[in-house]
Amino acid sequence: MRFPIFPRPERGSGAVQRRIRGAVAIAAMVAVSAGLGACAKSQRGSESTSDSGGTFVFAASSDPVMLDPAHASDGETFRPAEQIFEGLVSLKPGTTEVQPLLATSWTAGKDGKTFDFTLRKGVKFTDGTDFNAAAVCYNFDRWFNWTGLNQNENISAYYNDIFHGFKTGPLAKDAVYKSCTTNGDDKLTIKLQHPFAAFVQAMTLPSFSMQSPTAMKKYNADDIAGTENDPRFSEYATAHPTGTGPFKFSSWDRGQSVTLVRNDDYWGQKAHLSKIILRTISDPKARTQELESGGVQGYDLVGPADIKPLKDKGYQVLTRPAFNILYMGMNQYNKDLQNLKVRQAISYAIDKQAVVKQSLPEGSIPAKEFMPPTIAGYTDNVNTYDYDPAKAKQLLKEAGFSANKPLTLKFAYPTGVSRPYMPSPEDTYLSIKSQLEAVGIKIVPVSAKWSPDYLDMTASEDGRSKHDLHLLGWTGDYNDPDNFVGVFFAQYSPEWGFKNPKLFADLTKARGLPTREQQVPAYEAINKEISEFIPGVPIAHPAPSLALAPEVKGYIPGPSKDAVWNVVSIKK
């Protein structure tokens with residue numbers, strides 16, 4: 001049902017992955033630093049006006065699934081949602097740094113389970129109703145009280161991931177959320193059942209945007225019919241999404257476009273643009289052609305081969321800060337890959353710099369570990385296995401392989417797809433394949449269509465015998481180490497095929513530490529542990545690109561979410 005486009009994380013089937021996490025990830029998380037409350041003034045809050053007008057037409061790669069972000073997990077739903085809705089906190093434009101938005105400040109209790117928020121005054125939803133503490137509690141309680149289909153991980157993916165359970169249902173005992181109480185119109189307290197160190201960071205996710213209680217009641221926001229694989233969303237989610245953002249919903253021509261118009265009553269910096277049109281153009285070549293013909297003024301995920309031609313023609317190609325990881329998995333279902341010397345040999349055989357140069361966009365950097373350098377817990381003190389083909393050959397010999405008895409591996413890669421962390425999978429595969437063959441490894445190619453074939457093969461028990469090596473990646477949800485290494489290695493997964501009780505226990509313990517200050521050395525030690533165990537090879541942190549017409553000004557590409565377009569303008 002979900003179609004992760006950008007910038008949502010994906011390393012396999014989202015549904016499969018979330019089932020795995022939901023089964024084992026008991027809420028053992030921790031207290032957030034009270035220091036987070038001391039943030040800079042929101043950049044949306046600078047009062048200035050502009051009536052320059054203009055329409056910004058942007059090419060989306062697919063239609064939104066629907067327009068209620070609480071039920072969404074796909075990037076093309078979040079793109080309009082980030083213009084319509086706002087959360088308690090947001091990210092400083094172009095960074096993963098948390099800043100105030102609808103909440104002006106917050107503090108965390110010593111128990112790590114209590115959070116006091118002070119709200120911005122004078123804010124209204126676009127239906128004219130007040131945004132206040134009661135509205136915030138209504139949203140939190142709405143999510144917690146979901147029943148039936150609303151609890152399904154295909155329909156409330158991010159609530160399931162972050163809060164682990166609801167008031168009722170089979171996962172109620174694991175629920176992280178406890179209560180929300182108001183203290184006047186502009187203050188509230190949220191209590192959790194378990195400490196959760198990344199609670200405030202997680203509130204930057206679009207799924208936790210504040211929505212109008214009045215509109216949700218009027219248009220039956222939680223009235224979902226159908227099935228978990230074929231849900232029918234509510235009238236609210238398809239025709240009446242109502243937030244506090246700089247734009248408001250106007251119309252949705254299914255399969256064609258979504259139109260938003262400026263919210264002239266917006267509390268912060270009012271949008272320069274008078275209208276946004278998100279046109280659905282699924283074919284990547286067609287998006288490029290539409291940009292060049294003037295049919296659109298921007299699109300995301302520019303193919304590496306298109307970057308220079310577009311620049312030469314005068315178009316802007318902006319690079320998003322890399323907040324991702326491209327890796328090559330080594331599936332230990334294959335007994336040869338259970339040998340550490342074999343995994344070390346494969347690591348020494350790969351020239352990451354050459355892979356970056358041959359297959360990834362400008363601005364991409366080779367990776368040392370399975371999280372980007374901006375994440376707390378990243379450390380340079382890990383084993384790096386710098387390119388050394390002679391050492392790779394020696395290790396293969398010590399493992400019992402030779403020219404007469406070569407190590408033979410099935411190397412899987414996806415076709416017909418471009419991802420933020422892997423814009424040209426075939427090129428990346430060919431680059432790595434030639435390097436592995438150069439040290440004497442025999443490669444059997446295994447190609448598969450991205451969805452469902454490739455995702456099923458790399459994430460399911462049924463697929464583990466079909467590949468030994470594979471390419472996948474992940475774009476982070478928010479700035480938290482567990483959102484990277486915890487997702488990959490906190491429990492057994494058929495993608496990797498290993499059971500490492502110490503690593504699993506260390507990751508579980510790190511999630512439960514009471515402060516970020518305590519988590520940092522724990523995750524640094526875990527990254528070193530991973531580098532010694534070598535479950536896979538972290539290849540690179542690719543820099544996703546987006547293209548804009550020359551007349552578009554003010555677009556600030558973000559690393560983990562899309563820009564808010566109130567500062568974008570069209571210069572004629």
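**Exercise 1. Describe how helix α10 packs on helix α12 in this predicted model.**

Step 1. Locate the two helices: α10 covers residues 340–349 and α12 covers residues 389–398.

Step 2. Take the geometry. The axes lie 8 Å apart and the packing angle is about 160°. Angles over 145 degrees count as roughly antiparallel, so α10 is roughly antiparallel to α12.

Step 3. Assign the handedness. The crossing of α10 past α12 is left-handed.

Step 4. List the residues that meet. From α10 come Lys341, Gln344, Ala345, Tyr348 and Ala349; from α12 come Pro389, Lys391, Ala392, Leu395, Leu396 and Glu398. Sorted by class, this contact holds 7 nonpolar, 1 polar and 3 charged residues.

**Exercise 2. Repeat the analysis for helix α16 and α17.**

Step 1. Helix α16 spans residues 501–511, and α17 spans 516–533.

Step 2. The two axes are 9 Å apart, at an angle of about 160°. The pair is therefore roughly antiparallel.

Step 3. α16 and α17 cross in a left-handed sense.

Step 4. On the α16 side the contact involves Lys502, Leu503, Asp506, Leu507, Ala510 and Arg511, and on the α17 side Gln519, Ala522, Tyr523, Ile526, Glu529 and Ile530. The class count is 7 nonpolar, 1 polar and 4 charged.

**Exercise 3. Count the cavities, then characterise the largest cavity by its volume and lining.**

Step 1. Apply the volume cut-off: there are 8 cavities of 30 Å³ or more.

Step 2. Take the largest cavity, which holds about 130 Å³ of space.

Step 3. Identify its lining. The largest cavity is lined by 15 residues, and those nearest its centre are Lys368, Asn383, Tyr385, Gly536 and Pro538.

Step 4. Relate the lining to secondary structure. α17 (516–533) and β20 (536–541) each contribute at least two lining residues.

Step 5. Classify the lining. The residues divide into 6 nonpolar, 6 polar and 3 charged.

Technical notes. Residues are numbered from 1 along each chain as its sequence is written. This is a predicted model: local features need pLDDT of at least 70, side-chain atom pairs count only at pLDDT 80 or more; totals for chains, interfaces and linings use all residues. Side-chain values use heavy atoms; hydrogens and water are left out. On a 1 Å grid over the protein atoms alone, a cavity is a set of points where a 1.4 Å probe fits but cannot get out, and a pocket is an open set with protein on both sides within 12 Å along at least five of seven lines; lining residues have an atom within 4 Å of a point. Grid points are joined across faces, edges and corners, and a volume is the space filled by probe spheres set on the points. Helices (H or I, at least four residues) and strands (E, at least two) are DSSP runs, numbered from the N terminus. Ala, Val, Leu, Ile, Met, Phe, Trp, Tyr, Cys and Pro count as nonpolar, Asp, Glu, Lys and Arg as charged, and the others, Gly among them, as polar. Axes are lines fitted to C-alpha atoms, for helices over the stretch in contact, and angles run from 0 to 180 degrees between N-to-C directions. Angles under 35 degrees count as roughly parallel, over 145 as roughly antiparallel, 65 to 115 as roughly perpendicular and the rest as oblique. A crossing is left-handed if the near helix is turned anticlockwise from the far one by less than a right angle, and right-handed if clockwise. Contact means heavy atoms within 4.5 Å.
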